[in-house]
Amino acid sequence: MMNKKNILTFLILSSKILIADTSGQTFFSVRTPFQTCSPEKITLFRNDRAQRFETGWQGALQLVAFGGQSTNDQDIARFFMPFDKSMLIFAEDTASGGGTPPAVNPLFRDVIPYFFDIISAPETPGFKSAVAFKPQQTYAGIGIDWIQFFGWDPCEKRWWIELSFPLLYVKNDMRLTEVLINEDFEPLNDGVNISVKEAFTGVQKLENQFGAVTGSGWMFGKIDGPKQQTGIGDIEFKLGYDWTCEYVDGAYGYVGIVIPAGNTPTGEFVFEPMVGNNHHFGVMWGGSIYSEFWQRPDKNRTFYSTMEINGRYLFTNRQTRSFDLYDKQWSRYQSVYRSFSDAVASAAFEGINVFTQRVHVSPRFTVNYNSAIGIKWCRWELEVGSNFWGRQCEKVKLFDPFPTGIALTSAPPVAASVNRAITIREAFNGATVGPLTAQEYDSNSIQPGDLNLSSAAHPSTVSNLLYASVGYNWDGCKRPMFIGIGGGYEFASDNLAIERIIIWAKWGISL
């Protein structure tokens, strides 16, 4: 049996595994703003707003201006970079850093620059640079939300519908920076890249003496400055039922649908901006409980608490994503042969164009839980709360069969030879197999079981958000109205959710 010391050690190690950061992924699926149960949507605007105008239509409308910016650039960088790093060393020298392992020498090579078509001229110092990502997301939008009760008289108007959607602007920027360590580097010729930053633009290059470039350039996996997207986010429609028909203590439940109106991932750029939930259709359900647990009617003062939960299931759709091979992070950027005849001719091809395919993506379940306490003091209202958001890991499957006859090249390619052991970091020249027959080539080519489709899927995610909002009400007016402002900070225990600051301002009216 395990003694207490061993059990304690096991628990400590397990906890570290549970919160370990993820690296080498190809797609970051970001929580989209202004959804049901999100603080910027529900604060100061719940079902009672539609019932405050007793002689009206029993409806309510709010307009919300919101925005936010990410704060955890190094965490997101490690999500995309291999080997759990936020900076990479690109070096031609096999024993870069004196041959010491990466854990000892930070200048040990992480990436072979040949795969990025960076080749030094003969008898000149080899290429060596440090590359870092500092990804950042900025977004802003206008949210529109309308609630309408229906029935025959005020107390019987317990059924309601709600329609909401945001107009979103999203800007994602990988903020790639590069510092040339070996300033004496001279490129082989005008047909090769002079920096990693240039290579990531994917611009078409001339074929060099090793046949490393076919002239097509990168079609996917590029990084080329900030990318922006504007459009309508997911449209939410709900049908609900109010169980109490009271303002003091209330509860309601609902079912609804999520209609995608944003863009669909294309894989062209790393960290591409997405409006909405990657164009997935979905269904949702949920409810809320509201209670005014302390009142002073003579002073018009009230303390209240509220809890709301929203669950949703997003259905499978088709997207384009990149992926790696098992145990070979960033292998999508290695060069490949597409056939035995290409191997014979040393005609290598950009791997990113092969390891990016149409796939089925299933996001599955998401849960959003919000709890808050607040005070109404005359016409003022203050609310503070916390929000929990969690999502299952995505499941990714190929839509089309993976092309046959794909094999990894050596660096640089050797005629009629392949290298199954080569990685983005280690050349393993001794593992080069050749010259090959066509049958031997096929036996050393990449098989469907070699594909790590999990590298294209966003893992399961959990984040928390703390927020506060303040508003001012005109309930005594002909048409009850309110204004409000708020803000919060979203955070996580790992690098699978974007940590960010969010702010909002809103106006609403009872109809």
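Which residues form one aromatic cluster? Phe 90, Phe 116, Phe 133, Phe 200, Trp 218, Trp 330 and Tyr 333 form it. The structure is a predicted model, in which local features need pLDDT of at least 70 and side-chain atom pairs count only at pLDDT 80 or more, while totals for chains, interfaces and linings use all residues. Residues are numbered from 1 along each chain as its sequence is written, and side-chain values use heavy atoms, with hydrogens and water left out.

**Figure 1. Overview of the protein chain.** The protein chain has six helices and 24 strands; these are DSSP runs numbered from the N terminus (helices H or I, at least four residues; strands E, at least two). Of its 511 residues, 55% are buried, where buried means under 20% relative accessible area, exposed over 50% and partly exposed in between (1.4 Å probe, protein chains only). Among contacts (heavy atoms within 4.5 Å) between residues at least 6 apart in sequence, 75% join residues at least 24 apart. The accessible surface, from the Shrake-Rupley method with a 1.4 Å probe, comes to about 22300 Å², and carbon and sulfur atoms account for 61% of it.

**Figure 2. The largest nonpolar core.** A nonpolar core is a set of buried Ala, Val, Leu, Ile, Met, Phe, Trp, Tyr and Cys residues joined through side-chain atoms within 4.5 Å. The largest one has 58 residues, and Phe 90, Phe 116, Phe 133, Phe 200, Trp 330 and Tyr 333 have the most contacts inside it. Two or more residues each come from α3 (73–80), β2 (87–91), α4 (196–200) and β16 (356–362). Helix α3 gives the most, with four residues. Leaving aside residues up to four places away in sequence, Phe 200 touches Phe 116, Phe 133, Leu 176, Trp 218, Gly 221, Lys 222, Ile 223, Trp 330 and Tyr 333. Another core lies apart from the largest one; its twelve residues include Val 64, Val 170, Tyr 467 and Trp 504.

**Figure 3. Two aromatic pairs.** The structure holds 38 aromatic pairs. Rings of Phe, Tyr and Trp (its six-membered ring) pair if their centres lie within 6.5 Å; planes under 30 degrees apart count as stacked, over 60 as edge-to-face and the rest as tilted. Phe 149 and Trp 160 are a tilted pair, because their ring centres are 6.5 Å apart and their planes stand at 40 degrees. Phe 149 belongs to strand β4 (residues 136–150) and Trp 160 to strand β5 (residues 159–173), so the pair ties together parts that are eleven residues apart in sequence. Phe 149 is buried at 2% relative accessibility, and Trp 160 is buried at 0%. Tyr 241 and Trp 243 form an edge-to-face pair, with 4.9 Å between centres and 75 degrees between planes. Tyr 241 is partly exposed at 22% relative accessibility, whereas Trp 243 is exposed at 55%.

**Figure 4. Charged ends over rings.** A charge sits over a ring if NZ of Lys or CZ of Arg is within 6 Å of the ring centre and within 35 degrees of the ring normal. The charged end of Lys 227 sits over the ring of Phe 269, 4.3 Å from its centre. For Arg 321 over the ring of Phe 27, the distance to the centre is 3.8 Å.

Figure 5. Ile 147 lies in strand β4 and is buried, with a relative accessible area of 2%. The structure holds zero disulfides, a disulfide being a pair of cysteine sulfur atoms within 2.5 Å. Cys 378 is partly exposed at 42% relative accessible area, and Cys 393 is partly exposed at 31%.
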